[in-house]
Amino acid sequence: MPALLEAIRPSADLRNHYNEISKQCREDDKVVIIAVNRRGIPS
């Protein structure tokens, strides 16, 4: 099984680019992480 890639997106992108993120979740082998106020994102 190939390793999954990840994409970290700010929560505003969920509101502003919902269709793009939805398509990415359905079609790509990427984990989409939605970050709120950069919590959970390593500095």
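A residue counts as partly exposed when its relative accessible area falls between the buried limit of under 20% and the exposed limit of over 50%. Val 31 has a relative accessible area of 39%, so Val 31 is partly exposed. The model described here is predicted.

- Arg 9 sits in strand E1.
- With a relative accessible area of 13%, Arg 9 is buried, because buried means under 20%.
- Leaving out residues up to four places away in sequence, Arg 9 touches His 17, Glu 20, Ile 21, Gln 24, Val 32, Ile 33, Ile 34 and Ala 35.
- Ile 21 is 12 residues from Arg 9 in sequence. Their C-alpha atoms are 8.9 Å apart in space.
- The Arg 9 side chain makes a polar contact of 3.2 Å with the side chain of Glu 20.
- Another polar contact, also listed at 3.2 Å, links the side chains of Arg 9 and Gln 24.

**Salt bridges**

- The model has 2 salt bridges.
- One of them pairs Asp 13 with Arg 9, and the closest N and O atoms are 2.9 Å apart.
- Glu 20 has 44% relative accessibility, so Glu 20 counts as partly exposed.
- Through shared partners, salt bridges join Arg 9, Asp 13 and Glu 20 into one network.

- Helix H2 covers residues 18-27.
- Its buried residues are Ile 21, Ser 22 and Gln 24.
- Seen down the axis of H2, these buried residues fall within an arc of 160°, so they line one face of the helix.
- On the other side of H2, Asn 19, Arg 26 and Glu 27 are exposed.
- What covers the buried residues of H2? The cover includes strand E1 (5-10), H1 and strand E2 (30-35).

**Gln 24, a buried residue of H2**

- Gln 24 is found in H2.
- Its relative accessible area is 10%, so Gln 24 is buried.
- Gln 24 touches Ala 7, Arg 9, Lys 30 and Val 32, with residues up to four places away in sequence not counted.
- The contact with Arg 9 includes the side-chain polar contact of 3.2 Å.

**A nonpolar surface patch**

- Ile 8, Val 31 and Ile 33 form a nonpolar patch on the surface.
- Together, these residues have about 200 Å² of accessible area.

**Ala 12 in helix H1**

- Ala 12 is in helix H1, which spans residues 11-16.
- Is Ala 12 buried or partly exposed? Ala 12 is partly exposed, with a relative accessible area of 28%.
- Ala 12 and Ala 35 are 23 residues apart in sequence. From C-alpha to C-alpha, they are 9.0 Å apart in space.

Technical notes:
Residues numbered from 1 in each chain as written. Predicted model: local features only at pLDDT ≥ 70, side-chain atom pairs only at ≥ 80, totals over all residues. Heavy atoms only, no water. Helix = DSSP H or I, 4+ residues; strand = E, 2+ residues; numbered from the N terminus. Buried < 20%, exposed > 50% of the residue type's maximum accessible area, 1.4 Å probe, protein only. Contact = heavy atoms within 4.5 Å. Arc of directions from axis to C-beta. Patch = residues over 30% accessible without salt bridge, like charges linked within 9 Å, V, L, I, M, F, W, Y side chains within 5 Å. Areas by Shrake-Rupley, 256 points an atom, 1.4 Å probe, with all protein chains shown as cover. Salt bridge = Lys/Arg side-chain N within 4 Å of Asp/Glu carboxyl O. Polar contact = N/O pair within 3.5 Å; in protein donor to acceptor, adjacent residues only side chain to side chain.
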